[in-house]
Amino acid sequence: ASANNNLNELGKFTINDFKKIKGIGQVKAITLQAMFELGKRRNVAEVRINNSISSSKEIFVYMQPKIGDLQHEEFWVIYLNHKHAILGARMISSGSVTNTLVDTKIIASHAISFMATGIILCHNHPSGNCRPSQEDKKITLKVIEAMKLLDCELIDHVIVSGNNYYSFIDDGLL
């Protein structure tokens, strides 16, 4: 009831949120939080079995457990080979509730170390609004230009907010 009968909301509870519920102490609160974390990791593990990205929905399923419930913005890049198999994913920056700084040099250095031929940008909007800001659009264009020098294609830019997402490619912005 504290989470409006919504498991996704319950999954965002902190240890202190759980402890506010009568009968739940420190140990039970930690156990509950661990249970939700294992559920998130299981979802990510299922995507890794395929290990290839072919849609914005797969990007969302891969990244939502990592950034979907955060109360601050994080910017991640998924690095891909020529078959769109995942070589690795790296958090580029962690910021405030409303923004985070993105350095294309860091994105490029990881692309070189992975020898990636494609990348996917992904970040979250804690506000619940998945629509891209003007700054989101600017950084996307900046990364496209930087990656051209490395023969590395920007496949998509996905914004995650809770259980929703926005894809630049699906909306025709890429």
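In the predicted model, seven of the seven residues of strand S3 are buried, so that S3 is largely enclosed by the rest of the structure. In a regular strand the side chains alternate between the two faces of the sheet. In S3, Gly118, Ile120, Cys122 and Asn124 point one way, whereas Ile119, Leu121 and His123 point the other way, and all of these residues are buried.

Strand S3 pairs with S1 in the antiparallel sense over six bridges, and within this pairing leucine 121 of S3 is the bridge partner of valine 77. Strand S3 is also joined to strand S4 (residues 153–161), to which it runs parallel, by seven bridges, with isoleucine 119 having leucine 154 of S4 as its bridge partner.

Helix H5 (residues 104–114) has as its buried residues Thr104, Ile107, Ala108, Ala111 and Phe114. Because these buried residues fall within an arc of 130° when seen down the axis of H5, they line one face of the helix. They pack against strands S1 (74–80), S2 (86–94) and S3 (118–124), as well as against helix H6 (134–148), whereas Lys105, Ile112 and Ser113, on the other side of H5, are exposed.

Local features were also found at both ends of H5. At its start, a side-chain oxygen of aspartate 103 reaches to within 2.9 Å of the backbone nitrogen of lysine 105, and just after the helix, methionine 115 adopts a positive phi of about 55°.

Technical notes:
Residues are numbered from 1 along each chain as its sequence is written. This is a predicted model: local features need pLDDT of at least 70, side-chain atom pairs count only at pLDDT 80 or more; totals for chains, interfaces and linings use all residues. Side-chain values use heavy atoms; hydrogens and water are left out. Buried means under 20% relative accessible area, exposed over 50%, partly exposed in between (1.4 Å probe, protein chains only). Helices (H or I, at least four residues) and strands (E, at least two) are DSSP runs, numbered from the N terminus. The arc is that of the directions from the helix axis to the C-beta atoms. Contact means heavy atoms within 4.5 Å. A polar contact is a pair of N or O atoms within 3.5 Å; within protein, one must be able to donate a hydrogen and the other to accept it, and residues adjacent in sequence count only if both atoms are side-chain atoms. Two strands pair if DSSP finds at least two bridges between them.
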